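Here are my comments on the pockets and on one helix pair. Please read them with the structure open.

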Amino acid sequence: MTNDIWQEINYAYLMAGINRVRNRLISHADPELLNRETIASQDNGEDLDWESGAPPAMEQICSLMGLSAFERDILLLCAGVELDASFAPLCAAAQSDGQRTTPTFSLALAVLPGAHWSALAPDAPLRRWRLIELGSGTSLTLSPLRIDERILHYLVGVYHVDDRLLGMIDRVESTENLVMSHWELAQQIVAAWSVDGVEDIQSLPILQLCGHEASSKRAIAAMACHFLGVYLYAISAYAIPTNPSDLTQFKSLWEREALLGNSVLLIDCDDLDAADTVREGAITYLSESLHGLVIITSPDRRRVRLRSLLAFDVLRPTSSEQYGVWQAALGNMTAYLNGYVESLVSQFSLSPPVIQAACAQVKVRANQDDGGTLKPGEIELLLWDACRSQARPRLDDLAQRIESMALWDDLVLPEIQLQTLREISAHVRQRARVYEHWGFGGKSGRGLGISGLFAGASGTGKTMAAEVLAKELRLDLYRIDLSAVISKYIGETEKNLRRVFDAAELGGVILLFDEADALFGKRSEVKDSHDRHANVEVSYLLQRMEAYRGLSILTTNLKSALDQAFLRRIRFVVQFPFPDVAQRTEIWRRVFPKGTPTHGIVPEKLGQLNVSGGNIRNIALNAAFLAADANESVTMKHLLASAKSEYVKLERPLTDSEIHGWV
């Protein structure tokens, strides 16, 4: 049966029912009028043959919501007022009151057959499912009755989501682009809900999709619902009302919508703050009491008490699955890449929607920049940068992204330290080849993380070295704010560290735990609960660093404060020495940008200043401001004045031997 034919049958069936109720009103108000009108031909519309197709909307409501014949006629009475202009005067005549143009329960009891008082009880279908609205009146039976707008549209054959739910729920469309592992999860969800002989829908379990793949979880849920022949709507945890009356109304409206629209509700808790106990309580109440099928998405497993729960872990697609998504998304562009996709897969662990977004971003930029003509090598850079952009973790409250501008030439270090830094870069670049193609990855991800400890006094170049590596590898560098990570509450520090590593996994960014002594000091003997708590924090950090697919760097001013057992689990340890005279002289030669006007600068004399590279940069920068303010080139006199200020800040005396012969 086509939709047009169903619409005709549905409308004829509805109007026939309304006419039958209209006859009852006429018979009660003026029996002689009923005898004078020829209306019998209008009554048999309810006998239309619809068995071969979908039942009319009225039949669906009666079946889904368990309406009695009397309750059905009350609904038709209220619908007639909206659809037939003759109903209003008939209602007034039947109630012997010209002002009462709307139906009342008293009128229904008097006019309609099979009347029963329980039809207007709060838990009876008419009010339980909000099919009618009860207005204010002098008594319950004399209060005006009005059909709910959503129900009226449904009866007429117009489907739309209740406008009171708009802005709270969103339709989730299914996609055919699931990778095989996610497609198998969708099939498991179908099996969990495809149980024969289930009479009560609440006996079916709540399904929970766990993990950090938010977009993939939605896609899996949507595909499962597609297989089940139902629609999926999602609501954010933050859109769920916390006020009890508003929460009750939402629950009632959604339960009705789920019945009418054959729909499943997905509660999105992926961004929910666990400390928000009020909202947690609302979500727990809603998920456990809701009469309908429920899917919950969250990073971690949740607990329910009143209903069974079945949890599924949604992992990122495997490397081979990501490779297939890349090839499908790039299409003809793959010919330009010469195996470059493997490098992208080894560095970035992206979900299919993110991969598709990165490819779309590159195609747009390629068309804008090159008129649609791709040059060799350019597409690779565009793809890499698009992946960096799409994969940037949300760490604004725990970390700061550092724009890496430093180059190898900016580092002045002994050769052995420079060689170690180059080895770190090589490990990150070649991790896919060694771990995956050459087999060193084995069957476990433990111990595959690339970690480094940069030790040395403040200003010796530890952070700059991290910037150099980020620039060399074209990766984002995030400096972790330890003050935001460390918590005095047991378990909170580990939660914060987990957030950092989980978010960073997506793009394999470089994590820099700057001045990490506060968190990574010597593990003490366990004397009390605080000692045990501190050791758990360090152990958790070591586990995550060993499993992290990117590069994590710790910096410390006091290497001696670190536990030897801790150091053994760090792959690279780089000691940044305090620069000697020759190294300080070289730093002075490189510290001024090419655009800085200088005159009479003698690096050998400046190298006598017994300060670190960080202090040298401060002195040079301050001298540049002094010279600019005087409209002069930077000279030794500006550097002398700047050096004196820096030494005051360091609370150290500036000796004559350090500045001998400067001016």
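1. The largest pocket has a volume of about 1400 Å³. This is a predicted model. Of the 37 lining residues, His 212, Asp 270, Asp 271, Pro 299 and Arg 499 are the closest to the pocket's centre.

2. H22 gives the most, with seven residues. By class, the lining of the largest pocket holds 17 charged, 13 nonpolar and seven polar residues.

3. The second largest pocket holds about 1100 Å³ of space. Its lining has 36 residues. Nearest the centre lie Asp 410, Met 464, Gly 613, Gly 614 and Arg 617.

4. Helix H20 (462-473), H25 and H27 each give two or more residues to the lining of the second largest pocket. H27 provides the largest share, seven residues. The lining divides into 15 nonpolar, twelve polar and nine charged residues.

5. H25 (residues 581-591) and H27 (residues 613-629) also pack against each other, at an angle of about 40 degrees and with axes 10 Å apart. H25 is therefore oblique to H27. The crossing is right-handed.

6. Which residues of H25 and H27 meet? From H25 come Arg 584, Ile 587, Trp 588 and Val 591. From H27 come Gly 613, Ile 616, Arg 617, Ile 619 and Ala 620. Six residues of this contact are nonpolar, one is polar and two are charged. Gly 613 and Arg 617 take part in the helix contact and are also among the residues nearest the centre of the second largest pocket.

Note on methods:
Residues numbered from 1 in each chain as written. Predicted model: local features only at pLDDT ≥ 70, side-chain atom pairs only at ≥ 80, totals over all residues. Heavy atoms only, no water. Axes fitted to C-alpha atoms, helices over the stretch in contact; angles between N-to-C directions. Helix = DSSP H or I, 4+ residues; strand = E, 2+ residues; numbered from the N terminus. Parallel < 35°, antiparallel > 145°, perpendicular 65-115°, else oblique. Left-handed = near helix turned anticlockwise from the far one by under 90°. Contact = heavy atoms within 4.5 Å. Nonpolar A, V, L, I, M, F, W, Y, C, P; charged D, E, K, R; others polar. 1 Å grid on protein atoms, 1.4 Å probe; cavity = no way out; pocket = protein on both sides within 12 Å on 5 of 7 lines; lining within 4 Å. Points joined across faces, edges and corners; volume = space filled by probe spheres on them.
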